[in-house]
Amino acid sequence: MPKRKDIKKILMIGSGPIVIGQACEFDYSGSQACKSLREEGYFTILVNSNPATIMTDPHMADITYIEPLTVEMVTKIIEKERPDAILPTLGGQTGLNLAFFLMKEGILKKYGVESIGASVEAISCAEDRELFKKAMQEIGIKVPKSGIATSLEEGIRIGLNIGFPLILRPAYCLGGRGGAIAYNKEELAEFLVKGLEASPVKQVLVEQSVLGWKEIEFEVMRDCVDNVIIVTSMENVDPMGVHTGDSMVVAPSQTLTWEEYTNFVNLCKKIIRRVGITGGGVNIQFAQDPRNGEIVIIEVNPRLSRSSALASKATGFPIARVATKLAIGLTLQEVANQITGKTTSFFEPTVDYCVFKICRFTFEKFPKTERVLNTSMKAVGEAMSIGRNFREALQKGIRSIEIGRFGLGCDGKDKISDEMLKKPDSILLNLIKDKIRIPNDERIFYIRYGLKAGLSVEEIYELSKIDPWFIDNIKQLVELEEEIKKFKNSRNYNEINISVDLLRKAKQDGFSDRQLAYLLGCKEELIRSFRKKNKIKPVFKPVDTCAGEFFAERPYFYSTYESQEEARVPLNSKKVIILGGGPNRIGQGIEFDYCCCHAAYALKEESIESIMINCNPETVSTDYDTSTRLYFEPLTLEDILNIIDIEKPLGVIVQFGGQTPLNLAIPLYKSGVKLLGTTAENIDIAEDRERFKKILHKLELLQPPNDTAFTFSQAKKIAKKIGYPVLVRPSYVLGGRAMEIVYDEQTLEIFIKEAAEVSGEHPVLIDKFLEDATEVDVDLIGDGSTFVIGGIMEHIEYAGIHSGDSAMALPTYSLSSKVLEDIRRATYKLAEELNIVGLMNVQYAVKDNEVYVLEVNPRASRTIPFVSKAIGVPLAKLATKVMLGKKLKDLGFIKEIIPKHTAVKESVFPFNRFPGVDIILGPEMKSTGEVMGIDKDFSSAYIKSQIAGGQNLPKKGNVFISVRDEDKNKIAPIAKKLRDLGFNIFATSGTANVLEKSGIQVKILPKIAESRPNVLDLMKDGKIQLVINTPSGRIPRQDEVKIRSHVILYNIPYTTTIAGANATVKGIEVLLKDDLRVKPLQEYYKDLK
Amino acid sequence: MKAILMLEDKTTFFGEAKNKGEIIGEIIFNTAVVGYQEILTDPANYGKILVLTYPLIGNYGCNYKFNESKKVWVKALVIKEMSRIYSNWQAELSLDEFADKEGLFILNNVDVRSLMVYLREKGSMYGIISTDEFREKVLINKIEEFKSRPKKSVLKEISIDKPKIFKGKNQTKIAILDLGITNSILTQLKNLGVTFTILPFNISSKDILKYNPAGIIISSGPEDDVGLKEVVGNVRDLIGTMPILGISTGCQVLALSKGVKVRKMRLGHRGVNYPIKRPNSLQGEITVQNHSYVIDRDGLEKNNINITAFNLNDDTVEEIESKEYKFIGTQYLPLSGGFDEINPVLIRFIQLIERS
C-alpha cells in the first residue's frame, strides 16, 4: 500500500525527562521515527521537554517544541499547528498516556487529529486492565487470576479471594511504578493504597502470583494488510517477580523447544490482531510454568518499549523505523532492510550469537533503601553484550556495566574470598543462600559464590528459580577459573605458564585480561602481549539480521574469539574512534550520548569515518546508522585496544562520553593511542588536585581553601586548618559519588572512610564549603587559540547541591556584570592555560562578589546539550571539528551568545522508586534526568521547567511551610507573596511564629506526634497543594522525613530550598497573571540572528 | 578428539568429536534457532552433513515425540557448542544421548559462522569429516570417490513399505505419496479429521487409484534422488484426475511431471524465516523452508501453471497452482502455526477436494 496521502502533518510526542523505566531508548526510537517520517515527506512536529535528546535537535523535525508534556501544553501546540495525526507510540508510556488523555478530553476529536501507530481503541485494549483481560479471554489466552480494584476495600476482597502471594499492578503506570508483591493482608492494604495513588486512573490490578515462572518476551510487528512478524524472543534470566527492566535478559530465548516457540508465536499473532495494532509493534510478556509449560499472559505494550530497543539492537532490526513506516500505511514488504541492503522488513531476523542484557543499579546513592529487586523497576541503565556463547556474553556484560568488575568474579574485587568459600561456615552459607533466594543486584555474583561453596546447580535453581541452563553455564565458568588458577605464579610475576589452548578457551568464555592477570598472578599487560604473541586475538563478527545467509551492507560488530575476521576495515580511509558513555547511571546519561552522536555527525560532515564504541542498547549512538562503523563492546582498556588494533584510527575522542572515556584517557595515552583535542597531559592537570592548585595559583584565581588526605588524621588536621564546614569527596568520580558536606569532626570520620573506599588508591579531597554561595556553570569551546564561552548558567539552588541536581538558568538572572566579567576572565585564562581543544566546563561559586573556582572538567559536560539548545549552536559538533584541526573562526563561532529568551534546566529525581529515601538534595547527585523550560523571561521559563519536571504547581489552595532556623528570616517575603496571591499558609509553631511576627496570617498545625489532624492527614486528604520544607540539618528530624515522604507518595509539588521556593513563587505569579504560551525552537533561533 | 571437516575445495575447519568416524556428504545449513531434533529427523535431509548456524545447541534436550519421522536421517551434525546440560520440562534425554542412540555423528566446537559465510560465498559443497585421517590429498580423493559413485535412490529406505491407513472422523480420503512425510504434516491432517493412507513412494498410478482417494499429497523428501523419476512418471498419469498437493520435493515432482525443469540454487533455503509474497499483493507469510532446488519460472508460465507465491528475498517460486491440473504445490513446508492451527494451504487443499 502506498503511504497515506490524507495526512500531511504529524505530531510526535517524546517521552520527557529520563526517569527510571523510561530512558534514552525513547530518544533512539523518536529520532528514528523523525527521520523516517521526513524521509517520506511528512511535515513533522515534535514536542518533548528533554533538551538532552537528539530528537529535539532543530533539524530532526520541521518544528520542534521543548515544552512540558501536559495535556494543556500539547493542546496549545495542536491548536497552533493543526496536525492531521498524532504518533504516540514512540514516546514511551508518557507519550502514550498523553495521547490517551488528549483523546479522553476530546481534544483529538475537536481538532480532527487521528492517532496513528496505535488507535485509541488499541491503546485502551492493551492498557486498560479490565478490557485487556476480557480481550485475552476472548481469544483463549490465560491471564493470571486477577481482579481490578478501584478502592482499598475492593482490592482486599479480590486479594483474599485469589490468595497470597499477590502481585499488584497500577494501571497506566510506567515501569511497574507502584507495583509490589504482597504476602499478607497488611502488605496488601499498604500496597493497594500506594498503587491507587500511583495509577493516573486510580486502578490497581490484583493478580495471582506467578513468582518463579519463566518470563518470556516477544517483539511483534503488524502492518495494515495483516502481515505479522516476530522480531525476536527474549528470555529473562531472572524469573517472574523481578521487573523485566531489572532482569538479566538473553535473546533469543534459550530453553524453549520448537513446539513451545511456535505456540508462543501463535499467541503473539492472536494478541496483536486482537489488540488491533494495524501499523506498528507490540511487546508481549508471558509467564511460563517451568514444570508443565503452562502459559499465561502478563502484559502487552502497544508501543515501542525498552524491550523493543533491546530487541532492535540485539537483532539489527530497526523496530522504531519500521513501526513508523507502518504507522503511515506502508507494509512490511515496502520497507527495505537497510542492514542487509537486500531483503525487506518482511522477514524475521535470525541470529548466530547470544545477546545478554544486564542492568546498572544505583543503590549506593540511596543507602536507606533495601537492596532488593521486585516488580517495581529500579535500574537506571543497562548494557548489552554479544558473545558466541552465554558465558562470553555474560562476562562481557558484567564488564560493560562499569561497576568496577571485569567479569564474573576473580578480578581481585570479590567480596568473599576463595579461602572462605572453601570451608564456608553456616553464617556465610546462609548469607549466600539468602542473596540467591531474594532477588538483588548482586545475585549473579552470589550464584558464583554459592557454586564455589559447594551448592549444586539444582540447589541454586530451587533457591532462585533461575533456569538450570544458566546456572550450569555459570558453573562452567567457575570450573574454568579453577583450572586457570592452577597456573598461578608463586614467585615470578613476569611469567605465564598457562597453555595457549587453555588461554584461548578462557578468552572464548569471556575472561578479561584483568581476570586472567589476577588468576595467574601477573600484570594485565603481560597477558596482552602473551596473547598477541600466540595469536590469541579477537575477531569481529557482524550483527547482520540473517545469521550470515546474506552479505550485509551495514552491519555492526562484536568481538569474539573465533577463527575468521569479518570486520571490514578499509585500509586507507581516515577514521576516528568515539568512545561512548556506556550504560546510563546517575551522573552519566543521555547528555553524553548526545555529544557522542554529534561527534559522529561532525565526522561525517568532514568526510572522516566515525567508529563508535559503546554498549548501551538504549542509545542513539548505538543505532546502526549513526556512525560509519559501530562496535557493540564494553568500554574497558582491553576491549578498546582490540578495536584500535584493527581500525588504526587517526585518533580517539575521549571528551564526549563522560567520565568513562576520560578515565581511560591516560591509560590509552600510555598505550600509545593518540587522543584528539586537549592533551592527556592537560587532562591530567585538570583532574589532579595538586597540579590544578598550582595552576590556579599561577593564574591568580581563587579556590576555596582545600587539601588532600589519605588518612583520617590528615583529614582532621586539614579540616581544622581550613575550618568547618568542609566538603569531602573522592578523586576521579562521577556524579558526586560519596561527596558530603561535613560540619564536625565526628561526621568527618564516617565520610572520610566512605570516600576513601570509593577513591581507591587516589587521595580524598577536602574543600572549604562556601555556605550560601551562588553556583555557576560555564561551558566553553576552544581550538587552542580561540576560546568562546558557550553559556554561563546560574544555579537556582545555592552551592552545596550537586550541579547535576540543581536547576539553572541561561542567561544568568541575578549576577552583577562585574561578577560575570570576572567569571569570563577566569574561564578564558583557564582555557588558555590548559590549551583547550574541544570542550571545557568550569564550576564556580560566587560569594560576596568573589568568584571561586570549584572544578574544571576538560570534557563535554552534562550541560552541553542544554546550552546547545538554548543558544542554537551545536557545541559538541563544533568541538569535534575543532579537534580535527578546524578553527572556530572558520566555523563561524567566535562570540558568546547571550539570548534574549531564558532557558531553565530542572532536574528530575527517582525518589518515588526508593521508598524510605529522604528527598533532600546534597552534594551527591541523585537525579536521573532533566527538562528544559524556555520562555521570554526567567519566571515563565522556570515555571515551565517545574511543570515539565512533573511538579503540578497550584494556582490556588493551601501551602505548608516548615523551614530550618537559618532560613526563617528569608521565608517571610515568600510567604507574604503567597498570601497576596491568594494562598492559605499552614505551618507548625516554629515557622508560624516567625511568619505571624511579619504580619502574615497562618494556620498553625500541631506537630505530627502531638495531635491530629496534622499536616500528614491534610496531605492525604489532598488539602495541601504545595510544600516548602528546608531540611534542618545533616540528620533530619523524623517529622520532616515523614512530611517529605508523603510529598512523594501523594505527588504534591514541593521545594526543599529557599532559592527554589523563591523561584517557584515567582513562577506561580506568572501562571496566575498570564497563560503560558508555546513557541518552537526554530522561532527562538530566528530571533537570535 | 580432534576432527577435521574438509570441503571439496580443500578448505578446512576443525572441531571436536566424541566418537571416531568418517562422514562424507553434501553440506547443508539451517539458520533456525530452535528445532534441531525436527531437522535431524526430517527425511528430506537424508545423508546430509547439517550445519546449524545458531551456536548453542541441545539446550532443551530431546524427546522422541518431537521426531518428524522414525529416525535421524542426517549423517553428521556440525555445531558450535553442544550444551552440557539440557533444561526443559519435556526433555527425556540430551541431544548427545539422542545422537548416540541414533548413530548421529556430532562435530562440535566448529566456527560454524565462518563455515556458513564461506558456503554463502562459494555455494553449496560436499565435505568430509574425519577423526583419523587429516591428509588433504586422501580426504579430497575420498570426496571425489564418493561423488563419482553411481547414484542410488534412498527413497526405498525412507518411504513406508506397505500402505498404512489412518481413519479420521471425516469421510474425505487422501492418499499420501511418502517420499519422506513428516509428522508435522500428518498431525495437521489428523486434526483436520481426514482419513488418509500413506503409500510407498513408487506405487503405480493404478494402484493409487485402487484406494479411491479424493486427493493426493506428495510429501517432501530428498530432492535430487534418482528414484524421483519413477514418482514423476506415476504422478503424471494422475494429474488432472483429482486434487493433488505437492510439498517441497512433492511440489518439484508436480512441476517435473508437466515437463517443467527444476534447478539447484547456489545455497538453498533452509530456515524458519523465509518471507513469501503473493503476486500483486502486499500480503505474505513467513515460512519454514528446507529446499535446495527451485522450479523454473518460464517453464511454469509456458505450461499455464500459476505462480501463487514468490520468495520475497530472491524472487524464486515458492507456491504454484493450476486450476486445470487441479494441483497446488508449495516449496515451503506448510507447517502448523502453533497449537492445533492448520496451515492455510492444507485448508485450501481440503476445500479443493470438497469442491471437486
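**Group meeting: a two-chain predicted model**

I start with chain B, which has eleven helices and 19 strands. Helices (H or I, at least four residues) and strands (E, at least two) are DSSP runs, numbered from the N terminus. The radius of gyration of chain B is 20 Å, close to the 21 Å from the globule rule for 356 residues, so chain B is as compact as a globular protein of that length. That radius is taken over C-alpha atoms, and the globule rule is 2.2 Å times the number of residues to the power 0.38.

Before going on, some housekeeping. This is a predicted model, in which local features need pLDDT of at least 70 and side-chain atom pairs count only at pLDDT 80 or more, while totals for chains, interfaces and linings use all residues. Residues are numbered from 1 along each chain as its sequence is written, and chains are lettered from A and ligands numbered from 1 in the order in which they are written.

Back to chain B. Its C-alpha trace spans about 60 × 45 × 40 Å along the principal axes. Of its 356 residues, 55% are buried. A residue counts as buried if 20 or more other C-beta atoms lie within 10 Å of its own, exposed if 12 or fewer, and partly exposed in between, with C-beta atoms placed from the backbone. Taking contacts in chain B between residues at least 6 apart in sequence, 75% join residues at least 24 apart. Two residues are in contact if their C-beta atoms, placed from the backbone, lie within 7 Å.

Now chain A. There are 38 helices and 38 strands in chain A. Its radius of gyration is 28 Å, close to the 31 Å that the globule rule gives for 1089 residues, so chain A is as compact as a globular protein of that length. Along the principal axes, the C-alpha atoms of chain A fill a box of roughly 80 × 70 × 65 Å. Buried residues account for 62% of the 1089 residues. Of the contacts in chain A between residues at least 6 apart in sequence, 71% join residues at least 24 apart.

Where do the chains meet? In total, 40 residues of chain B are in contact with 50 residues of chain A. On the chain B side, α3 (112-122), β15 (262-277) and β16 (284-295) each supply at least two of the touching residues. The largest share, five residues, comes from α3(B). By class, this side of chain B has 16 nonpolar, 15 polar and nine charged residues. For the classes, Ala, Val, Leu, Ile, Met, Phe, Trp, Tyr, Cys and Pro count as nonpolar, Asp, Glu, Lys and Arg as charged, and the others, Gly among them, as polar.

Next, two helix pairs in chain A. Helix α1 (residues 25-39) and helix α11 (residues 319-327) pack at about 45 degrees, with their axes 8 Å apart. Axes are lines fitted to C-alpha atoms, for helices over the stretch in contact, and angles run from 0 to 180 degrees between N-to-C directions. α1(A) and α11(A) are therefore oblique to each other. Angles under 35 degrees count as roughly parallel, over 145 as roughly antiparallel, 65 to 115 as roughly perpendicular and the rest as oblique. The contact involves A:Y28, A:S29, A:Q32, A:A33, A:S36 and A:L37 from α1(A), with A:A320, A:R321, A:T324 and A:K325 from α11(A). Its classes are four nonpolar, four polar and two charged residues.

The second pair is α21 (residues 590-605) and α30 (residues 875-883) of chain A, at an angle of about 50 degrees with axes 8 Å apart. α21(A) is thus oblique to α30(A). From α21(A), A:C595, A:H598, A:A599, A:Y601, A:A602 and A:L603 meet A:A876, A:K877, A:T880 and A:K881 of α30(A). This contact has six nonpolar, two polar and two charged residues.

Which helices does α19(A) pack against? Its buried residues pack against α17 (468-485), α18 (500-508), α20 (524-533) and α22 (637-647) of chain A. Eight of the eight residues of α19 (residues 513-520) are buried, so this helix is largely enclosed by the rest of the structure. Those buried residues include A:D513 and A:R514. After α19(A) comes A:G521, with a positive phi near 70 degrees.

In helix α24 (residues 680-687) of chain A, the buried residues are A:I683, A:I685, A:A686 and A:E687. Their cover includes α23 (659-670), α25 (689-699) and β31 (850-857) of chain A.

Last, A:E996, in helix α34 (residues 989-997) of chain A. A:E996 is partly exposed, with 16 other C-beta atoms within 10 Å. A:E996 and A:A972 lie 24 residues apart in sequence and 9.0 Å apart in space, C-alpha to C-alpha.
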